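The tour moves by selection, one stop at a time.

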Amino acid sequence: MTPPKNPPSHNPPSLPGPSPGPARLAWNRRRFVAGLSGLGLGSTLLPGTLTACAGDSETVTVGMLRNAQRLAGLDLGDDELAAVAERLNGERSSMDSYRGIREPEIENHLPPSFVFHPLPPGKPMPEIPEPASGLRYSKPTIARPESETDLAFLPVTHLARLIESRELTSSELTELYLARLREFDPVLHCVVNLTEDLARQQAARADEEIAAGGYRGPLHGIPWGAKDLLAVRGTKTTWGASPYREQTIDEDSTVYRKLTEAGAVLVAKLTMGALAQGDRWFGGRTRNPWNTEQGSSGSSAGPGSATAAGLVGFSIGTETRGSIISPSTRNGITGHRPTFGRVSRAGAMALSWTMDKIGPMCRSAEDCALVFEAIRGADGLDRAVHDPPFGWDASADPTALRVGYDRAAVEDAIEDDPENPERTAAARTAQANTRAAIEVLQGIGVRITPFELPELGWEDLGFVLTTESAAAHDALTRSGADLAMKQPPEESRWPDSFRLHRFVPAVEYIQAMRVRTRIMREFDEALGDLDLFLGSRLGLTNLTGHPEVSMPNGYHQGSPTSLRMTGKLYGDTEILTLAHAYQQATDFHLRKPPVGG
């Protein structure tokens, strides 16, 4: 993701194998070829391309190119291939350029020079008026609960009232959450490390400021947890992966800095699937507090689990292709994946520069709105960030919204899967719960119309993410240290993926991005004048950059199901407004799981 102005100083992982030099490079190449032969690519590889992974040098022959051109779907004659080989092998060759790019090592924090924008060509930025009076959030009348468990599960809006009125201090709340993190982590495996000293310092400062009349707003004094890909100076930032378990980054991520400025208190770095995939990390598998036989889904596994179990006031997750929405569903919390480019990723691990997004994971939609307001906006570091206004009014009328529902997802019968009847049953329960949620919204006056989503052919673009991730972690692939991630407990698929996608032809990647532009335009046209629709197309909308909210709306055999809402570009206010209206009419978001509750 986009780097800070002064690139962070990494404490690099120790790497296995011989010392750097010709022997090391040859060792890398032999191991790499052996690994790729298992992928069925060994007979089609261009040794010159292997040089791009191992740094060894060979003469490229016509025969090599004849096999390698299959990857690019070409059928060039031998004379044409001979001309290519001459250019590859000649003085000041392409291979020399490739080697020059690889030295010195390109670290994860350095982004490419291109910037993705979710607006289709020719479509202007929407005109979003500046809020007339800032945030207008709920200020409920509330007494401090007698039960510490009940206190721990209160939404941020309620905790904020107790802290502002001084019925509760930030230090008391911080100690409560630290104790709960220590108590329940042995079951949930959701904590990488506690930030106890930092938390106590920040809580004491919040108490002093509030006592002196310097209340900063609804996040002042609220303890929170960070997915462990956000850099925080003085703490480890492990990315969930064994090669980085001792990594420190001498920089504060923008999201951490903004939340600190809002007065929030960091109590823990929370788990993530290794290098942002799944719920398995170097410390084990993070668990769902509703059903500890299940993982908590990923990759924002720790934020989902900890928030659901009442171990933090709120948390921050990230999503590239489902990593906020999926664990929010599994753990029964409210997650908000903002429109692409609304939250700076400076100081966060990069996976895909054109798809990575950062967002809040909370107990309520209004909590998400308050956290989003604190973290959104340009910082001069992430060039993909745009800064349209964001308005939040808890009393806004949801009946003014233009709402559709994904007809196929809601109305089409779920087909039997004889090989997995439990999956069929779960899908039918989720569909029934979505229909019930639609009835709730219609009952409060929201008009909802069927929405037909055409086939857009986006499924072939999956390699956009994996190609960018192979580039983001290329140094790790070269070192060979990532191979340890394939073993338990991580059991990561990334090492094989990084190697496979090192061989995506550059032209095909660029062509995929052009097809992506067409799909963005077609999806925008399909939405028409809708503000949002009920339903989720995670793969598609993570490519187009549209926002989404997930919130609990029922259960299947004790585990939560979710109601999901997908908004128009920059329609974060609208989806949060409708989600808030649904939660005002239901109590699923306030229920407690067996672990923690």
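How many of the residues of helix H11 (residues 301-308) are buried? Eight of its eight residues are, so-called buried meaning under 20% relative accessible area, with exposed over 50% and partly exposed in between (1.4 Å probe, protein chains only). Before going on, note that this is a predicted model: local features need pLDDT of at least 70, side-chain atom pairs count only at pLDDT 80 or more, and totals for chains, interfaces and linings use all residues. Residues are numbered from 1 along each chain as its sequence is written, and side-chain values use heavy atoms, with hydrogens and water left out.

**Stop 1**

Select 301-308. Helices (H or I, at least four residues) and strands (E, at least two) are DSSP runs, numbered from the N terminus. The buried residues of H11 are Ala301, Gly302, Pro303, Gly304, Ser305, Ala306, Thr307 and Ala308. Just past the helix, pick Gly310, where phi is positive at about 70°.

Now step back to the loop between S7 and H11, which holds Ser297 and Ser299. Ser297 is not a glycine, yet its phi is positive, about 70°. Ser297 is also buried, with a relative accessible area of 11%. Next, check the peptide bond from Gly298 to Ser299: it is cis, with omega near 5°. Most residues other than glycine have a negative phi, and most peptide bonds are trans.

**Stop 2**

Select His189, in the loop between helix H8 (170-188) and S1. Its phi is near 55°, a positive value in a residue other than glycine. Is His189 buried, partly exposed or exposed? His189 is partly exposed, at a relative accessible area of 30%.

Then jump to Pro489, in the loop between helix H17 (474-479) and helix H18 (494-500). The peptide bond from Pro488 to Pro489 is cis, with omega near 5°.

**Stop 3: strand S3 and its partners**

Select 265-270. Strand S3 is largely enclosed by the rest of the structure, because six of its six residues are buried. Two strands pair if DSSP finds at least two bridges between them. Strand S1 (residues 191-194) runs antiparallel to S3, with three bridges. Show Asn193 and find Lys269 of S3 opposite. S2 runs parallel to S3, with five bridges. Here Lys227 has Leu270 in S3 as its bridge partner.

Gly217 lies in the loop between helix H9 (196-211) and strand S2 (223-227). Gly217 is buried, at 11% relative accessible area. Draw a C-alpha to C-alpha distance to Gly263: 7.9 Å in space, for 46 residues apart in sequence.

**Stop 4: the nonpolar cores**

A nonpolar core is a set of buried Ala, Val, Leu, Ile, Met, Phe, Trp, Tyr and Cys residues joined through side-chain atoms within 4.5 Å. The largest one has 99 residues. Which of them touch the most other members? Select Leu259, Leu275, Phe314, Ile316 and Met565. Helix H13 (residues 365-375) supplies the largest share of this core, eight residues. Another core lies apart from it, with 17 residues, among them Ala199, Ala268, Ala306 and Leu311.

**Stop 5: the second largest pocket**

A pocket is an open set of points on a 1 Å grid over the protein atoms alone, where a 1.4 Å probe fits, with protein on both sides within 12 Å along at least five of seven lines; lining residues have an atom within 4 Å of a point. Here the second largest pocket holds about 800 Å³ of space. That volume is the space filled by probe spheres set on the points, with grid points joined across faces, edges and corners.

Its lining has 26 residues; Thr329, Ala426, Ala430, Thr561 and Arg564 lie nearest the centre. Colour the lining by class: eight nonpolar, 14 polar and four charged residues. Ala, Val, Leu, Ile, Met, Phe, Trp, Tyr, Cys and Pro count as nonpolar, Asp, Glu, Lys and Arg as charged, and the others, Gly among them, as polar. H15 gives the most, seven residues.

**Stop 6: Thr466**

Finish in helix H16 (residues 463-472), at Thr466. Thr466 counts as buried, at 11% relative accessibility. Leaving aside residues up to four places away in sequence, Thr466 touches Trp494, Ser497 and His501, where contact means heavy atoms within 4.5 Å.
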